[in-house]
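User: Hello! I am new to this structure and would like to get to know it step by step. Could you show it to me first?

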Amino acid sequence: MPYELYYWDGIQGRGEYVRLALEEAGADYIDITRESGSGRGTAAMMKMLKSSGGLHTPFAPPFLKDGELIISHVANILFYLGPKLGLAPEDEGLRYVANGLQLTITDFVCEVHDTHHPIATELYYEDQKEAAKARATSFIDHRIPKYLGYFERVLSSGDQKHSVGDKLSYVDLSLFQVIEGLRYAFPRATQTLGRDYPLLVALHDRVQQRPNIARYLASPRRIPFNEDGIFRHYPELDQDAA
């Protein structure tokens with residue numbers, strides 16, 4: 001039975017971190033909102049979100065359905081999928097390390113979102129432009145170096161090719177997506193990533209060249225970054241880091 005992935009149609013967003021793991025593993029899965037027919041489409045996802053399933057009802061997408069089991073939140077989904085897809089360390093202790101790294105990525109992605117919606121999610125970007133400029137400046141000058149510097153140190157403390165253990169994990173795939181997204185959202189401010197974070201950029205390049213990932217990136221299943229997603233490019237928010 002294929003996995004069922006539920007996430008908003010038309011954007012990469014948080015669902016992309018799960019999608020990259022499924023694609024790398026060559027897993028059989030259905031991208032529910034991107035397909036039509038009975039039990040498919042965004043309406044099917046909204047029906048599940050509005051159901052009275054109690055503990056089994058997710059708060060928001062993405063969520064994954066595996067048979068009768070429903071798992072929500074990116075890090076939680078990847079913690080579940082990692083061992084099944086061969087994308088998590090065999091050592092149980094290291095699996096918790098991987099989960100901690102993924103949760104840190106989750107924190108970082110939230111901060112990316114807040115660069116263009118610093119006051120309220122329900123307000124349009126145009127209603128909070130000045131606050132967004134201030135938030136983006138701080139993010140570029142302080143938060144990007146803090147997070148990427150941390151992950152660079154994580155890589156340097158191991159074999160310098162993998163974030164945890166000595167094999168590809170879902171964390172490596174997620175770090176690839178982080179670099180891709182930052183380069184799209186802040187192309188000027190990220191021009192020196194290769195100089196400042198060489199291990200991270202090398203990891204990104206290796207992931208990009210993996211056969212299954214390369215095929216996925218070249219396929220229509222990989223929706224381009226756009227201004228409806230978490231990583232958005234607003235030229236007025238992009239600047240060279242101090």
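Predicted model: local features only at pLDDT ≥ 70, side-chain atom pairs only at ≥ 80, totals over all residues.

User: Which helices each supply at least two residues of the lining of the largest pocket?

Analyst: The largest pocket holds about 350 Å³ of space. Of the 17 residues that line the pocket, Arg 14, Pro 62, His 73, Val 74 and Thr 106 are the closest to its centre. The helices that each give at least two lining residues are H3 (74-85) and H4 (92-114).

User: How many residues make up the largest share of that lining, and where do they come from?

Analyst: By type, the lining of the largest pocket divides into 11 nonpolar, five polar and one charged residue. By element, the largest share is six residues, and they come from H4.

User: How many aromatic pairs are there, and what kind of pair do Tyr 125 and Tyr 234 form?

Analyst: The count of aromatic pairs comes to nine. For Tyr 125 and Tyr 234, the ring centres lie 3.9 Å apart and the planes meet at 5 degrees. Planes under 30 degrees apart count as stacked, so the pair of Tyr 125 and Tyr 234 is stacked.

User: How many residues apart in sequence are the parts that Tyr 125 and Tyr 234 tie together, and are both tyrosines buried or exposed?

Analyst: Both Tyr 125 and Tyr 234 are buried. Tyr 125 sits in the loop between H4 and helix H5 (129-157), while Tyr 234 belongs to the segment after helix H9 (211-217). The pair therefore ties together parts whose separation in sequence is 109 residues.

User: What kind of aromatic pair do Phe 139 and Phe 186 form?

Analyst: Phe 139 is buried, with a relative accessible area of 2%, and Phe 186 is buried with a relative accessible area of 2%. Phe 139 lies in helix H5 and Phe 186 in the loop between helix H6 (170-185) and helix H7 (193-196), so their pair ties together parts 47 residues apart in sequence. Ring pairs also link Phe 139 and Phe 186 with Phe 108 and Tyr 147 into a cluster. With 5.6 Å from centre to centre and 40 degrees between the planes, the pair of Phe 139 and Phe 186 is tilted.

User: Which residue takes a positive phi in the hairpin of E3 and E4?

Analyst: Strands E3 (residues 63-66) and E4 (residues 69-72) run antiparallel and are joined by four bridges. Across the two strands, Leu 64 stands opposite Ile 71 in E4. The hairpin has two residues between the strands, and the residue with a positive phi, near 65 degrees, is Gly 67.

Definitions and conventions:
Residues numbered from 1 in each chain as written. Heavy atoms only, no water. 1 Å grid on protein atoms, 1.4 Å probe; cavity = no way out; pocket = protein on both sides within 12 Å on 5 of 7 lines; lining within 4 Å. Points joined across faces, edges and corners; volume = space filled by probe spheres on them. Nonpolar A, V, L, I, M, F, W, Y, C, P; charged D, E, K, R; others polar. Phe/Tyr/Trp six-rings, centres within 6.5 Å; stacked < 30°, edge-to-face > 60°. Buried < 20%, exposed > 50% of the residue type's maximum accessible area, 1.4 Å probe, protein only. Pairing = 2+ DSSP bridges.
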